[in-house]
Amino acid sequence: MKKKTKKLVYTLLAVFLLAMMVMTLVSRIMNQSHIPEVETQTPRSSILVLDAIGRGVVRFGTPVDSRIEKKLFSEDTYYVEGYFFEKDSLKNVPEGSTIDLSVGGETLEGILEAKMYNYREDTMDVVISLPKEISLPEGNSQQAGKAYTAGSEVEFVLKEARVKYPTCISKDLVYEEDGEFYIYTLKEQDSILGNITIAVKMQIHVVAQNDRAVAVSEELDSDIQIISKGVPLEDGMRVRKREW
């Protein structure tokens, strides 16, 4: 092959390779511009201010519990024997605090008389005194004992309880679908384009929540990147983290 021919071939080959490099670069830039840019947050332990929920049963008598040194009442009376689901909800709540109850169709205010940790059930057992009289329509002289009877099931609430949970995330990160909750996390993945990041859908189980945050039962790593809402996401779709 003549020198001129070889030179021409090498020149064409060089031009072709350069063109391929330029096209690849342009393609990457165009693809990059179509990849949603997302923000992320990490989970943390936190104290949630919420309404702690409890459940119990109306009893009648003078309750004495082996876990309590003193007799609770000096005479037979109606009271509630129950428990709070979250034991930590009463950690810093003193005896004598007001508890809102729903008993026999009436909304009442009871008094927390005693609290005892139940190691077997991992709950906080409580004894709540009921008012001797309740507000009823004018002309109705029913006593409290007539408004509810022993054996009646009761639900009660401790307003603005402060409970610490090991794993909390912002409520703005959580999606709900058909009664189930999930989040999207950021994950690095190798591909023919190199190292990329994708959104991964992950189901979570909410154990408590308020207006700002949720506590989950999963033990999420402290460095896991949870994608904030703002762009439509799908499981496995490519995204890129916003760099500040």
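How many nonpolar, polar and charged residues are in the lining of the largest pocket? By class, the lining has 6 nonpolar, 2 polar and 5 charged residues (Ala, Val, Leu, Ile, Met, Phe, Trp, Tyr, Cys and Pro count as nonpolar, Asp, Glu, Lys and Arg as charged, the others, Gly among them, as polar).

## Model and confidence

This is a predicted model, in which local features need pLDDT of at least 70, side-chain atom pairs count only at pLDDT 80 or more, and totals for chains, interfaces and linings use all residues. Residues are numbered from 1 along each chain as its sequence is written, and side-chain values use heavy atoms, with hydrogens and water left out.

The protein averages a pLDDT of 80 (the predictor's confidence in each residue, from 0 to 100), and 76% of the residues score at least 70.

## Salt bridges

The structure holds 5 salt bridges (a side-chain nitrogen of Lys or Arg within 4 Å of a carboxyl oxygen of Asp or Glu). One of them joins Glu37 and Arg242 at 3.2 Å, N to O. Glu37 and Arg242 are 205 residues apart.

Arg242 also meets Glu39 in a salt bridge, at 2.6 Å, N to O. Glu37, Glu39, Arg240 and Arg242 are linked in a network of salt bridges.

Elsewhere, Glu81 forms a salt bridge with Arg59, the closest N and O atoms being 3.3 Å apart.

Key
Helices (H or I, at least four residues) and strands (E, at least two) are DSSP runs, numbered from the N terminus.
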